[in-house]
Amino acid sequence: MKRSAAHDWSPILAAERPVERFSPHGRYRLALAYANTYHVAMSSLGFQRVYELVHRTPEWTAERFFTDGVGMPISVETGRAMNDFGCVCFSVSFEEDYVNLVQMLGRARIPLRRKDRGPWDPVIVMGGSCASINPLPMSEFVDVFAIGAAENVLPDLLAALEEEAQREAVIERLAALDGFYVPAFHHYEEEGDALPKLNKRELTEEQMKQPGHLPTTAIVTPHTEFSEKFLIEMSRGCPEKCRYCWASFGMGRFRWHPTEYILASLERARPVTNQLGFVATAVGDHPDIEKILREANGLGFRTSVSSIRIPAVTEGVLEALHDSGDRSITLAPETGTDELRVKMGKPIPNSFLLEKVRLIFRHGFTSLKLYFIVGLPGETDEDVQGILDLVAQARAVMLEELPKKGLIGNIHMGVNVLVPKPFTPWQREPMDDEKSLKEKIATLRKGVARMPNVSMGSVSVRQGVWQTYISKAGSDAAEAIEAAAHGDPINVVLHRFAPKIQPEVYRRLDGDLRWHFMRQG
Ligand code: SF4
C-alpha cells in the first residue's frame with residue numbers, strides 16, 4: 001500500500017508531554033481523526049478528551065489523524081494507514097471542516113458515500129458539537145453520528161466495535177441505541193415526526209458531580225493555539241441567553257465542575273507545565289472562580305481564561321489574572337447599542353460594559369479583545385455606527401487609564417456575521433444579504449482605520465454564507481460539499497449550487513424544522 005509522502009511527525013511528537021502515559025499496545029485500536037491540522041485539533045479540548053477516554057477504556061488505544069501532509073493519512077503514533085482501521089471516529093466542532101473530512105476519506109481511499117462502502121471499509125463515525133447541531137448535511141458521508149458527550153456515547157461505540165465482528169452489525173447495533181443517529185436506519189428526513197425523537201446524551205449535572213468527568217488536556221504541546229497550556233473545563237452551558245447562541249440553548253442549563261476536582265487537576269498539570277487555561281462558555285461564572293485562580297497562582301501557575309461574560313468581570317478575577325501574568329481579556333458586547341443588545345437577549349447596557357472596561361485597564365491589562373456580530377435581525381445603520389462609537393469610548397477609557405500606569409494598550413475588534421444556527425431562537429431567521437453585510441463590515445473598517453491602537457479582524461462574508469448553508473441544510477448538501485472537497489473554491493460552489501443554497505440561507509423558515517428530530521440538552 002502506498003503511504004503518504006510521509007509527513008514528518010517526529011519533531012511534533014518530540015515536543016509532546018503527555019499528562020499521563022498510556023499503553024500504546026491496546027488490543028483494540030480506534031482511528032481518532034480531526035478534520036483539520038494538528039495545530040487546530042490539539043487546541044480542541046473536546047478532541048483531547050476523546051483521546052483520553054479511549055485510552056482509559058481497558059484494552060483500547062487511540063491513534064490520531066490530522067489533515068497535515070498529502071496522500072494517504074497515516075497515524076501520528078504508528079504511521080498506520082487510515083483505511084487499515086475498523087472504525088474512523090471524527091470529532092467535528094466547526095462546519096467548515098466538513099470539506100476536510102470528505103477530503104480525508106478520499107485521500108484514505110475510503111468510498112466517500114456511505115452507500116458505496118463494503119464490508120472491509122471502516123465504520124465512519126462523527127461526534128463533536130456539529131453532530132448535535134444538525135448532522136443531516138453530512139449524512140451521505142457518515143455511517144454513524146454520536147449525539148452527545150463523549151463520556152456517554154463513547155462506551156457504547158467501543159463496546160459495539162469490540163463485540164461485533166461485521167461492520168454492518170456494528171452500525172445496526174448502534175442504530176438501536178439512543179444518542180446515535182444512523183442514516184441507513186433512521187429516515188428522519190422522509191418520515192419526520194412519525195419517528196420517535198432522538199435524545200442528545202448531554203453530560204448531566206449529576207455526572208459532573210462525580211469524579212472522572214472533568215475534561216482536561218491529555219497532551220501538552222507548544223504546537224497549539226494554547227501553546228504549553230493545560231486546559232481545564234470549568235462549566236457547561238451559559239447563564240446568558242443570547243438568541244443566536246447554540247452553546248447556551250443546545251448544551252443545557254448552566255452547570256459547573258466541582259471546585260475540588262478542578263483544584264485536584266492542578267496536581268496532574270504540575271509535572272508537565274506551569275501554564276493553565278480555564279475554558280468554558282462562561283468561565284467567570286463558576287462560583288469559585290476567584291478561589292481557583294488564587295490557588296493556581298499560589299502553586300506558581302500562570303493562568304488565563306477564555307472569553308469572560310461581561311457581568312463576571314470583577315476586581316477579584318482581574319487581580320488574580322493580573323497576578324499570574326495575564327494581560328489580555330476578551331469580552332463579547334456583540335453589538336453597539338443597548339436596544340439591539342436587549343433584542344438579542346443580552347440586556348447589558350453600554351454604560352455597564354464601559355465600567356468593566358475601565359476596571360480592566362485600571363488593573364493594568366493592556367490588550368482588550370471585543371467581539372461583535374453584524375447582520376442581526378432588526379439591525380440598523382445606527383446599530384453598526386454604535387459599534388464604532390462604543391469602541392471609540394472604550395479606547396478613550398484605555399487612553400485615560402493606562403498612561404497613569406505608564407502603559408500603552410490596544411483594542412482588537414473581532415467581527416463575525418450572524419449565522420443563524422439550529423436549536424437557537426433565531427434558527428428560522430434568514431441571513432442578512434451579502435451586499436448589506438459587506439457594507440457593514442466596510443463601514444467598521446473605515447471607522448477603525450481612524451482609531452490608532454485599534455485593530456479589526458473579520459470573517460469573509462462568503463464563508464458565513466457557506467457556514468449558514470451547511471449548518472441548516474439537509475442531506476442534499478452532499479453534492480455541494482463533495483464539489484468543495486474536489487477542489488472547487490467556495491465562491492464557485494456557492495454560484496453553482498445557488499438555486500439550492502440561496503433559499504436555505506435567505507428564506508425565513510416556516511413549519512417543521514428538519515433538525516427537530518433531535519432533542520437537545
Ligand atoms: S454570553 Fe456567550 S456563551 Fe453565553 S449565551 Fe451569550 S454568546 Fe452564548
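This is a predicted model: local features need pLDDT of at least 70, side-chain atom pairs count only at pLDDT 80 or more; totals for chains, interfaces and linings use all residues.
Residues are numbered from 1 along each chain as its sequence is written.

That pair belongs to strands β16 (residues 367-374) and β17 (residues 410-417), which pair in the parallel sense over eight bridges. Strands here are DSSP runs of E with at least two residues, helices are runs of H or I with at least four, and both are numbered from the N terminus. Two strands pair if DSSP finds at least two bridges between them.

The sheet around them is open, has four strands in the order β15-β16-β17-β18, and its pairing is parallel. Its edge strands, each pairing on one side only, are β15 (328-334) and β18 (454-458). From one strand to the next, the twist averages 20 degrees. Helix α17 (residues 434-449) packs on this sheet and touches β16, β17 and β18, with its direction at about 160 degrees to that of β18. Contact means that the C-beta atoms of two residues, placed from the backbone, lie within 7 Å. Axes are lines fitted to C-alpha atoms, for helices over the stretch in contact, and angles run from 0 to 180 degrees between N-to-C directions.

α17 also has a helix partner. The axes of helix α16 (residues 381-401) and α17 come within 10 Å and cross at roughly 25 degrees. The two helices are therefore roughly parallel to each other; the cut-off for that is under 35 degrees, with over 145 counted as roughly antiparallel, 65 to 115 as roughly perpendicular and the rest as oblique. In the contact, Val-384, Ile-387 and Leu-388 of α16 meet Lys-440, Thr-443, Leu-444 and Gly-447 of α17. By class, that contact has four nonpolar, two polar and one charged residues. Ala, Val, Leu, Ile, Met, Phe, Trp, Tyr, Cys and Pro count as nonpolar, Asp, Glu, Lys and Arg as charged, and the others, Gly among them, as polar.

Strands β2 (residues 28-33) and β4 (residues 87-91) run parallel and are joined by three bridges.

How do helix α4 (residues 98-107) and helix α19 (residues 478-485) cross? Their axes come within 8 Å, at roughly 65 degrees, so α4 and α19 are roughly perpendicular to each other. Tyr-98, Val-99, Val-102, Gln-103 and Gly-106 in α4 meet Ile-481, Glu-482, Ala-484 and Ala-485 in α19. Those residues divide into six nonpolar, two polar and one charged.

Last, the ligand. The residues around it include Cys-238, Cys-242, Cys-245, Lys-241 and Arg-309, where near means a C-beta atom, placed from the backbone, within 6 Å. The shell has six nonpolar, two polar and three charged residues.
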